[in-house]
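Colleague: Could you show me how to read a structure like this, one feature at a time?

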Amino acid sequence: KTIANSVNDSKFALDGEGGGHNWDVGMLLKPSARFQLGLAYRSGTDVDYTGKVKFTHPSHLASALSAAMPSSQDGETTLHLPASFNVGALYRFTEAWDASLDLNFVRWSTYDKLVIDLADNLPVDKLTQEKNWENTTVVRLGTSYRLNELTMLRGGFLYDKTPVPDETIDAQLPDNDRLGFSVGFGRTVGRFNLDFSYLFLKFMDRDKDNYVGYTDVTNEFPPTAKSKKDGVVNAADKSMLEFMRGTTYPVGNGTYKSHANLLSVSASIKF
């Protein structure tokens, strides 16, 4: 698909730091020597993030935009990270071989919007981006096999459904459903344990074909509708926006493809 021309786009960033706290509670049940059941809950976390808001404008627009959008000012936001509930089960087929299933229920609906408060109120008091993420479930399967007293083999699979709806997906995080495949092994050397693992994550291709990016910094929708304040796209707006498609807008519309390769090495010692 055609990607928008970004020659007139400014760059925006919030560079800072933040912190938060949460709590966890869990329980492990062993109904038999072969079967284990685990339950765990992690509370949500509010991360208060403060730092510098920075605008970087294209050189041919810098003089016109710098007064309304200064290159640097203080800013802050709160990120609402989700609570989650886990259910896990393990069954031991033999002394050497076991398999496990884990279900992770994540309350992503707490991330309904991103609000950045600007200290200088330029270009507005608050930048607001609608997110409206949805609750999701992550499914994980795993197995391990003890080859001998020194070596353990492992494998796994996961399916992680994206919480990002079509209406609000943007180029900040073009997330989508993902599949994960992992292999690994552990080796015991005296009192030392060495573990190696590899995880391949395949993100399903994701099309962004929405109106995110049309709104300007005053939240008028679309940017040419000077009197429009309700954020509703009517038929006339849509006709105009469709006419603009493939020229300067929409921002970030197109097809996103991604994958990740993760390698992990860990070591432990028994005293």
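**Reading the model**

Colleague: Which kinds of residues make up the lining of the second largest pocket?

Modeller: Six are nonpolar, two polar and two charged. Here Ala, Val, Leu, Ile, Met, Phe, Trp, Tyr, Cys and Pro count as nonpolar, Asp, Glu, Lys and Arg as charged, and the others, Gly among them, as polar. A pocket is an open set of points on a 1 Å grid over the protein atoms alone, where a 1.4 Å probe fits and protein lies on both sides within 12 Å along at least five of seven lines; lining residues have an atom within 4 Å of a point. Look for Tyr111, Trp133 and Asp170, which are among the lining residues.

One caution: this is a predicted model, with local features needing pLDDT of at least 70 and side-chain atom pairs pLDDT 80 or more, while totals for chains, interfaces and linings use all residues. Residues are numbered from 1 along each chain as its sequence is written, and side-chain values use heavy atoms, leaving out hydrogens and water.

Colleague: In what order do the five strands of the open sheet lie?

Modeller: Strands of a sheet pair through backbone hydrogen bonds, either parallel or antiparallel. Strands are DSSP runs (E, at least two residues) numbered from the N terminus, and two of them pair if DSSP finds at least two bridges between them. In this open sheet the order is E1-E4-E5-E8-E9, with antiparallel pairing. E1 (11-19) and E9 (126-130) are at the edges with a single partner strand each, so one side of each has no neighbour in the sheet.

Colleague: How many bridges join E8 to E9?

Modeller: Five, and E8 covers residues 113-118. Find aspartate 117, and you'll see lysine 126 of E9 standing opposite.

Methods. Helices (H or I, at least four residues) and strands (E, at least two) are DSSP runs, numbered from the N terminus.
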